[in-house]
Structure formats: C-alpha cells, structure tokens
Amino acid sequence: MSPLARSRNLITDVPGLRVGNVADASICSGVTVLLPDRPAVAAVDVRGGGPGTRETDALSLAGTVDEVHAIVLSGGSALGLGAASGVQSWLAERGIGFNVRGAIVPIVPQAILFDLLNGGDKRGLAEAYPALARRACEWASDAFDLGSVGAGYGATTATLRGGVGSASASLAGGVVVGALAAVNAVGTVTIGDGCQFWAAPFERGGECGGLGWPSTWPEDALSPRLKGAAAESTTLAIVATNARLTKRQAQRLAVMAQSGLARAIYPVHTPLDGDVVFALSTGATAIPDTPDALARLGTCAADTLARAVMRGVYAADPVATGWIGPQSWRERRAATAASLGKGSLA
C-alpha cells in the first residue's frame, strides 16, 4: 500500500510525529503541541511584522543545537508563552532533551497568536497555558481533529472564524510532507464575501467543499479586508517531512513553505501579522543532495500548507455561547445557500 493510500491527510502522515490539541472554552483559547518520537532537525522563518516566539534563536543557522524535542503553537499572545514550559517539564520528566553532561534540557520552540478579544474569561490567563500544554502532550496522537481545537480554538480571520488545519502529500521515493496551521490571519482565506477559498486550485479530493474559484469574480475581490489593529493577528504553521535534511536545508524548506500562506491568505505577511513557519525533518528517508530535490520538496510543502490553512477555516465550529467574533465558514455557507433558496449546502 502506498503512503498516499494510508494517508489521514494530516501532518502525522509523516511517520514518527504526534499532535496534541487542548482548548479551554471558558477562556476561548488553547494549545497545540507537535511531538516527534525522536529529536528532529528544525528551522524557522518569520515573515509577519509582529511575531511572538520563544527559542527560535536556537533554530538559527548560527545556533549550536541541531535538534528539537517539540514545537508548540499557542493562543494567549505573550501570556501564552508559558505553554513551552509545560511541555519542557513533561519531556524532562521522561528524560527527553538535549544532554549537557548528564543534564537534560528539552529544546521546545514556540510561537503564539493573539486571541484576547474573542470572549471568555481572560483573568489569570498566563497560568492556564502550562497545564493545557501538559495535557496536550498526554493526549498527543497520530489522529486529531481540525477546526476549533488547540491553538486554533480562539482564532479568527478578517471575516470568518479561524482554526487548526492540517494536510499531507506524498512524493516519489517514500517521501511524505505534512503541514499544520493555526489560522488567525489579519486578512481573509475566502474571496470577497463568498465561500470560495483563495487556495482552491490546490484543494485535493473536495477536502474543503470543492467549490473552486468563483465563475464571476466580485468587483471588490482584491480590496483587502483587514481585522482589528496591530498585534492582533498571526498565522502559525509547521511543515514536516521524513526527508533527511540539514538545518540549512530545513531553513530553505521553511522559506519556501511561506509561499503556501501567500496562496491561501489575502493579504499576508503584513505589519499586523506575526506569521511564523517552522520546518521539521525526522530524517528517516534519504533524498538526493541537490537543489532540484529540495526545490521539489519545498514546492510540495508550500502547496500542502495552503491546503492546511483552508482546512482549518473550513472545519471551524459554528459560533458558540461566549464567543465574540465572526461566524464560521459553515454558517456562511448555510446562509448563502438559504439566500439562494436551496437550503444548506455546507
């Protein structure tokens, strides 16, 4: 059976990865943790103008450490940066980390998104994230839900509720590429005020409703729709592969994968966003050490990330009690269908 035939269409189709999502509806926020079974090579590329991160300097090409033991995406803005501490303590208790003459130091990079204006009780928020992160580690699995889960629970875009999305793809030679995104963009993932996605040409198998692009584009389709103000938005992403990469190659993979955000979000990489893309390699499968091979891998990563962004918004739950924010894609789709007299097509 081919890797594609076994696919869940999740980042965990890359063998050796697990994902845990935990959210707290009372605070309208949550945490997503990616756990590799073994230390992995990782890199990061930051394009947004207002990022919030932790331990990303360790991933720089000038850094000494060549492995990570988890990657954390979290809500809470700067108040959520304690989530990585929860993951570090969970890993250290299990003897997982960078060994410094017997001392175990888990390397856990993290990026956060702003979700402080979406409802819920935000009192004592900083104390909540380490505990949420530990639970995410405990519950991590190769199968997980999408939409209003984990770091994407409180996420929004300019016009719709955001969420956690994931997708995967296979290349020749047993190479698998996966993407995970927490979509909280200042822009939109849909065209105008409709239901079609900017990244529709990259959709596979009707995974996001199969609507394609509009037959007639709205006149104001290219007029940017923006939410909020500075420091209120961010799309966080991880692309992963079993292809064996050096840190320098992983850095190029992260750079190329950013194109996936540009295909799925309009506008993107603005001064109002904190967009961050991590790249991770488990190193299980050798690939040719050529620019061509890396270019093909990066192209696939960008396409897969665009699909993950779509899936995160497509899967978001309808607005719940206590939520302060835009409607979900499914609510918009139902309203659009009802206005045409066709009932719900969501």
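Thr241 has Ser281, in strand 12, as its bridge partner, and the two strands concerned, strand 11 (residues 234–243) and strand 12 (residues 276–285), pair in the parallel sense over seven bridges, where pairing requires that DSSP finds at least two bridges between two strands. Strands (E, at least two residues) and helices (H or I, at least four) are DSSP runs numbered from the N terminus. The model is a predicted one, in which local features need pLDDT of at least 70 and side-chain atom pairs count only at pLDDT 80 or more, while totals for chains, interfaces and linings use all residues. Residues are numbered from 1 along each chain as its sequence is written, and side-chain values use heavy atoms, with hydrogens and water left out.

These strands belong to an open sheet of five strands with mixed pairing and the order 3-12-11-10-9. Its edges are strand 3 (41–46) and strand 9 (163–170), each of which pairs on one side only.

Helix 3 (residues 247–264) lies across strand 3, strand 11 and strand 12, whereas helix 4 (residues 291–314) lies across strand 9, strand 10 (176–184), strand 11 and strand 12; contact here means heavy atoms within 4.5 Å. Helix 3 and helix 4 pack at an angle of about 40 degrees, with their axes 7 Å apart, the axes being lines fitted to C-alpha atoms, for helices over the stretch in contact, and the angles running from 0 to 180 degrees between N-to-C directions. Helix 3 is therefore oblique to helix 4, a term for angles that are not under 35 degrees (roughly parallel), over 145 (roughly antiparallel) or 65 to 115 (roughly perpendicular). Among the residues making this contact are Leu253 and Met256 of helix 3 and Leu294 and Val309 of helix 4.
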